[in-house]
Amino acid sequence: MPFKPRILYPNQFYHLIIQSNNHTLVFKDDQDFNKFLLLAKESFSISHTNVFHYALMNTHAHFVIQISDTVNLFPDAIKTIGQATKFLDTKILYNNFTIS
């Protein structure tokens with residue numbers, strides 16, 4: 001079941017979780033992790049999203065991000081990551097927070 005579209009605000013911080021369906025193993029080795037990081041870096045760069053922290057696990061990934069003024073580019077960047085890595089569920093936990 002798809003998630004409702006999130007309301008994203010420019011220059012806000014978000015905790016982004018990208019996970020596989022049914023906790024299927026996505027990252028099997030270091031090569032998988034490295035490919036994913038290159039793809040994420042490119043996608044976040046295109047959408048002008050700042051990444052402050054990330055954690056990759058075998059079945060999901062966490063990012064602490066700040067979406068820029070071009071917030072409309074962000075959903076396409078996430079779709080690109082998801083389609084290329086077999087991640088089928090994307091959740092954005094959108095409780096804003098500040099990093100000091």
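Accessible areas here come from the Shrake-Rupley method with a 1.4 Å probe. On this basis the accessible surface of the chain comes to about 6600 Å². Carbon and sulfur atoms account for 55% of that surface. The model is a predicted one.

The chain has two helices and four strands. Along the sequence these elements follow the pattern β-α-β-β-α-β. The chain has 100 residues, of which 34% count as buried. Contacts between residues at least 6 apart in sequence were also examined. Of these, 74% join residues at least 24 apart.

The largest nonpolar core has 18 residues. Those with the most contacts inside this core are Leu16, Phe36, Phe44, Phe63, Ile65, Phe74 and Ile81. Four elements, β1 (13–19), α1 (30–46), β3 and α2 (74–85), each supply at least two residues of the core. The contribution of α1 is the greatest, at five residues. In soluble globular proteins, nonpolar side chains tend to be buried together. Phe44 illustrates the contacts made by a core residue. Residues up to four places away in sequence are not counted here. Beyond them, Phe44 touches Leu16, Thr49, Val51, Phe63, Ile65, Phe74, Ile78 and Ile81.

Helix α1 was examined in more detail. The helix has 17 residues. From its first C-alpha to its last, α1 reaches 24 Å, close to the 24 Å expected at 1.5 Å a residue. Its buried residues are Phe33, Phe36, Leu39, Ala40, Ser43 and Phe44. Seen down the axis of α1, these buried residues fall within an arc of 135°, so they line one face of the helix. An α-helix has 3.6 residues a turn, so residues three or four places apart point the same way. On the other side of α1, the exposed residues are Asp30, Lys35, Leu38, Lys41, Glu42 and Ile46.

Lys41 belongs to α1. The cut-off for exposure is a relative accessible area over 50%. Lys41 counts as exposed because its relative accessibility is 63%. Ten residues separate Lys41 from Val51 along the chain, and their C-alpha atoms are separated by 8.7 Å.

Both ends of α1 show local features. At the start of the helix, a side-chain oxygen of Asp29 reaches to within 3.1 Å of the backbone nitrogen of Gln31. Just after α1, His48 takes a positive phi of about 55°. Most residues other than glycine have a negative phi. His48 has this positive phi although it is not a glycine. The residue is found in the loop between α1 and β2. With a relative accessible area of 45%, His48 is partly exposed.

Ser47 lies in the loop between α1 and β2. At 0% relative accessibility, Ser47 counts as buried. The buried class takes in residues under 20% relative accessible area. Leaving aside neighbours within four places in sequence, Ser47 is in contact with Ser68, Thr70, Leu73, Phe74 and Ala77. Phe74 is also among the residues with the most contacts inside the largest nonpolar core.

Asn11 has a phi of about 65° although it is not a glycine. This residue is placed in the segment before β1. Its relative accessibility is 40%, so Asn11 counts as partly exposed.

Strand β1 contains His15. His15 is partly exposed, with a relative accessible area of 24%. The side chain of His15 makes a polar contact of 2.8 Å with the side chain of His62. Along the chain, His15 and Phe63 are 48 residues apart, whereas their C-alpha atoms are separated by 5.8 Å. Phe63 is one of the residues that Phe44 touches.

The loop between β2 (50–56) and β3 (60–66) contains Thr59. Thr59 counts as buried because its relative accessibility is 17%. The side chains of Thr59 and His60 are joined by a polar contact of 3.1 Å.

Note on methods:
Residues numbered from 1 in each chain as written. Predicted model: local features only at pLDDT ≥ 70, side-chain atom pairs only at ≥ 80, totals over all residues. Heavy atoms only, no water. Buried < 20%, exposed > 50% of the residue type's maximum accessible area, 1.4 Å probe, protein only. Polar contact = N/O pair within 3.5 Å; in protein donor to acceptor, adjacent residues only side chain to side chain. Contact = heavy atoms within 4.5 Å. Core = buried A, V, L, I, M, F, W, Y, C linked by side-chain atoms within 4.5 Å. Expected span 1.5 Å × (residues − 1). Arc of directions from axis to C-beta.
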